[in-house]
Amino acid sequence: MVDTIAIGRAMQAAREKAGMSKQQLADASGISVKSISLYERGGGLPILYNAIAIAAALGVSLDTLIGWEVHP
C-alpha cells in the first residue's frame, strides 16, 4: 500500500528545500495550487505527468520528490 502522507511530506520537504512557495511551484509546474496542497497533505497522488512536472520545477528526481531516494 502506498503511504500518501509520507509522499506528501517528502513533496513538501522538496519544495521547501528549493525555497519555493506553493504558488511558485504551481506557476513553475503548471499544476494548480489546490492540487499541490492536496498532494502535500497526503489527500491524493499526482498522476505521472504531474509528478514529472513538479519534480522538474523543483529540479529533483521523481525518487527524491516522493521520498524514495536511493542512497548508494
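I began with Thr4, which is partly exposed because its relative accessible area is 24% (buried means under 20%, exposed over 50% and partly exposed in between, with a 1.4 Å probe and protein chains only). I noted that this is a predicted model, in which local features need pLDDT of at least 70 and side-chain atom pairs count only at pLDDT 80 or more, while totals for chains, interfaces and linings use all residues. Residues are numbered from 1 along each chain as its sequence is written, and side-chain values use heavy atoms, with hydrogens and water left out.

Next I looked up where Thr4 sits, and found it in helix 1 (residues 4-17); helices are DSSP runs of H or I with at least four residues, numbered from the N terminus. Leaving aside residues up to four places away in sequence, Thr4 touches Tyr39, Gly42 and Leu45, where contact means heavy atoms within 4.5 Å. I also saw that the side chain of Thr4 reaches the backbone oxygen of Gly42 at 2.8 Å.

Then I turned to helix 2 (residues 22-29) and helix 4 (residues 48-58), whose axes come within 9 Å and cross at roughly 110°. Helix 2 is therefore roughly perpendicular to helix 4, a term that covers angles of 65 to 115 degrees. At this meeting I listed Leu25, Ala28 and Ser29 from helix 2, in contact with Ala53, Ile54, Ala57 and Leu58 from helix 4. Sorted by class, the contact of these two helices has six nonpolar residues, one polar and no charged ones.

Key:
Axes fitted to C-alpha atoms, helices over the stretch in contact; angles between N-to-C directions. Helix = DSSP H or I, 4+ residues; strand = E, 2+ residues; numbered from the N terminus. Parallel < 35°, antiparallel > 145°, perpendicular 65-115°, else oblique. Nonpolar A, V, L, I, M, F, W, Y, C, P; charged D, E, K, R; others polar. Polar contact = N/O pair within 3.5 Å; in protein donor to acceptor, adjacent residues only side chain to side chain.
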